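Thanks for coming. I will keep this short and go through one model, piece by piece.

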Amino acid sequence: MKSVIFVDDENLIVQSFKTLLEMEDIGDKVKIDIFTSKSCGKETLQWIDNNKPDIAVLDIILNGVSGFDIANKIMISYPETMIIFLTGCEDSSNQVIEIKHIIENNPDILYFNKLDDDWYDDIIDCIKEQVK
Amino acid sequence: MTHQLEKNILKLKLTLAGHISNINIKHENLEIRYVKLVKEVDELEKRIRDLEQDIQTIVYKAVKSTILILSGGIGMIYSFIKIVEALNKV
């Protein structure tokens, strides 16, 4: 059973994605934990201390703790965990520039944009690849 | 509801939520820019008030200097006339 965490401050996104993933044929091979609240960044950091996720899908703009902070902790504590950055920012934004900079140094990290078509399918495909 | 229909609805929700997320980010950025602009306008207003004060001071000093120069000039002319009168009497 692969452990996936999905962190996004928008409830509609995490709930819909969780349901969609569970409806896939890998639904019984994946355990997805979602974090969506005003303080979901801090909650996630505490959760990571007690659990070792296999895949982390991280929104960037969160309250207090950013997706970059969470990714940094994962890279240090659990380098084998797959990190997927997800953002709704445009390509010209500082967040996307920062993501691209991080990926230059860590080519295993993936990045998807919520403005692109079928971003959720791309993430599910990545999770399927990990489950195989 | 069929399985596929439910999946399609979820996908539509996710697409929509992605764009809402982008709009929210833009809205937050606009709010930050608005607050920054209001602060800049306040600072500019303060600078304009300071400049107005400086201009008033400069104008006051210029007028005062002009009056002093003119009165000095008039005094000199008066003295010169008096000297000429005295010389004529001699």
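One caution to begin with: what you are looking at is a predicted model.

Let me begin with the sheet. Chain A has an open sheet of five strands, and the pairing in that sheet is parallel. Reading across, the strand order is 2-1-3-4-5. Strand 2, residues 30-35, and strand 5 of chain A are at the edges. Each of those two has a single partner strand, so one side of each has no neighbour in the sheet. From one strand to the next, the twist averages 15°.

Now the pairings. On one side of the sheet order, strand 1 of chain A, residues 2-7, runs parallel to strand 2 of chain A, and six bridges join them.

How many of its residues are buried? Six of six, so the strand is mostly covered. The two faces can be listed separately. On one side are Met82(A), Ile84(A) and Leu86(A), and on the other are Ile83(A), Phe85(A) and Thr87(A); all are buried, and both faces of strand 4 of chain A are covered.

Which strands does strand 4 of chain A pair with? Strand 3 of chain A, residues 55-59, runs parallel to strand 4 of chain A and is joined to it by five bridges. In that pairing Ala56(A) has Ile83(A) as its bridge partner. Strand 5 of chain A, residues 110-113, also pairs with strand 4 of chain A in the parallel sense, over four bridges. Here Ile84(A) has Leu110(A) as its bridge partner.

Strand 3 of chain A, helix 3 of chain A, residues 67-77, and strand 4 of chain A form a right-handed β-α-β unit. Strand 4 of chain A, helix 4 of chain A, residues 94-105, and strand 5 of chain A form a right-handed β-α-β unit as well. Helix 4 of chain A lies across strand 4 and strand 5 of chain A, and it runs at about 160° to strand 5 of chain A.

On to a helix pair. Helix 1 of chain A, residues 11-23, packs with helix 5 of chain A, residues 119-131, at an angle of about 50°, and the axes are 11 Å apart. The two helices are therefore oblique to each other. Helix 1 of chain A passes helix 5 of chain A in a right-handed crossing. The contact involves Ile13(A), Phe17(A), Leu20(A) and Leu21(A) from helix 1 of chain A. From helix 5 of chain A it involves Trp119(A), Tyr120(A), Ile123(A), Ile124(A) and Ile127(A).

Finally, chain B. Lys7(B) lies in helix 1 of chain B. Is Lys7(B) buried or exposed? It counts as buried, because its relative accessibility is 12% and the cut-off for buried is under 20%. Apart from neighbours within four places in sequence, Lys7(B) is in contact with Leu20(A), Met23(A) and Glu24(A). Leu20(A) is also one of the residues in the helix 1 to helix 5 contact of chain A.

Leu68(B) is also found in helix 1 of chain B, which spans residues 3-89. Leu68(B) is exposed, at a relative accessible area of 56%. Its C-alpha atom is separated by 31 Å from that of Arg47(B), 21 residues away along the chain.

Methods. Residues numbered from 1 in each chain as written. Chains lettered and ligands numbered in written order. Predicted model: local features only at pLDDT ≥ 70, side-chain atom pairs only at ≥ 80, totals over all residues. Heavy atoms only, no water. Buried < 20%, exposed > 50% of the residue type's maximum accessible area, 1.4 Å probe, protein only. Pairing = 2+ DSSP bridges. Right-handed = clockwise from strand over helix to strand, strands pointing away. Axes fitted to C-alpha atoms, helices over the stretch in contact; angles between N-to-C directions. Parallel < 35°, antiparallel > 145°, perpendicular 65-115°, else oblique. Left-handed = near helix turned anticlockwise from the far one by under 90°. Contact = heavy atoms within 4.5 Å.
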